[in-house]
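Hi everyone, thanks for coming. Let me put the structure up, and then we'll walk through it together.

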Amino acid sequence: MAQILSAQESSQFRALLIKAINSNVEIVTNFGSVIGEEVVERGSVIKIPLDYVVLKQSENNFVYIPLASINAVILLKEDGDL
């Protein structure tokens, strides 16, 4: 069963992601073809509109993730290590 974040939890993720603009992150979500399967998206935070985040994964590849779908945000160092 999918976890539903409260408005406060979503706003906390949004505040963290705003501080992480232009930084590399990993975002864990429940997006997947199997219910309950977690997916890790990795990229650079480039924009945070009202209810989603935009990650740049490569020069021409962008991922849009709704804030309400985020389970965890992991900030990465420049060299990719945690």
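**A first tour**

Let's begin with how the chain folds back on itself: among contacts with a separation of 6 or more, 47% join residues 24 or more positions apart. Contact here means heavy atoms within 4.5 Å. Please keep in mind that this is a predicted model, where local features need pLDDT of at least 70, side-chain atom pairs count only at pLDDT 80 or more, and totals for chains, interfaces and linings use all residues. Residues are numbered from 1 along each chain as its sequence is written, and side-chain values use heavy atoms, with hydrogens and water left out.

Of the 82 residues, 30% are buried. Buried means under 20% relative accessible area, exposed means over 50%, and partly exposed is in between, with a 1.4 Å probe and protein chains only. The chain exposes about 5400 Å², and carbon and sulfur atoms supply 54% of that. Those areas come from the Shrake-Rupley method with a 1.4 Å probe, and for residues only the protein chains shown count as cover.

**The sheet**

Now, in what order do the strands sit in the sheet? The order is β4-β3-β2-β1-β5, in an open sheet of 5 strands with antiparallel pairing. The edge strands are β4 and β5, each pairing on one side only. From one strand to the next, the twist averages 45°; for such angles, axes are lines fitted to C-alpha atoms, for helices over the stretch in contact, and the angles run from 0 to 180 degrees between N-to-C directions. Two strands pair if DSSP finds at least two bridges between them.

Strands β3 and β4 run antiparallel and are joined by 6 bridges, and a hairpin connects them through 2 residues. Next, β2, residues 39-47, pairs with β3 over 3 bridges, again antiparallel; here Ser44 stands opposite Lys56 in β3. Then β1 and β2 pair in the antiparallel sense over 6 bridges. Finally, 5 bridges join β1 to β5, which run antiparallel too.

Strand β1 is mostly covered, with 5 of its 6 residues buried. Take Glu26 in that strand: its relative accessible area is 17%, so it counts as buried. Its bridge partner in β2 is Arg42. Leaving aside neighbours within four places in sequence, Glu26 is in contact with residues including Val40, Glu41, Ala72 and Val73.

Thr29 is also in β1. Is Thr29 buried or exposed? Thr29 counts as buried because its relative accessibility is 0%. Thr29 stands opposite Ile70 in β5, and beyond neighbours within four places in sequence, its contacts include Glu37, Val39, Ile65 and Asn71.

In soluble globular proteins, nonpolar side chains tend to be buried together. In this model, the largest nonpolar core has 14 residues, and those with the most contacts inside it are Leu17, Ile27, Val45, Val53, Leu55, Ile65 and Ile70. The elements that give two or more residues to this core are α1 (7-19), β1 (24-29), β3 (52-58), β4 (61-66) and β5 (70-75). A nonpolar core is a set of buried Ala, Val, Leu, Ile, Met, Phe, Trp, Tyr and Cys residues joined through side-chain atoms within 4.5 Å.

Not counting residues up to four places away in sequence, Val53 touches Leu17, Ile27, Val45 and Ile70, among others. Its bridge partner in β4 is Ile65.

Have a look at Ala20 as well, in the loop between α1 and β1. With a relative accessible area of 4%, Ala20 is buried. Ala20 touches Val25, Val45 and Leu75, not counting residues up to four places away in sequence. The C-alpha atoms of Ala20 and Ile46 are separated by 8.8 Å, although the two residues are 26 apart along the chain.

**An aromatic pair**

One last stop: the structure holds 1 aromatic pair. Tyr52 and Tyr64 form this pair, which is tilted, at 6.0 Å centre to centre with 55° between the planes. Rings of Phe, Tyr and Trp (its six-membered ring) pair if their centres lie within 6.5 Å; planes under 30 degrees apart count as stacked, over 60 as edge-to-face and the rest as tilted. Tyr52 is partly exposed at 30% relative accessibility, whereas Tyr64 is exposed at 52%.

Technical notes. Helices (H or I, at least four residues) and strands (E, at least two) are DSSP runs, numbered from the N terminus.
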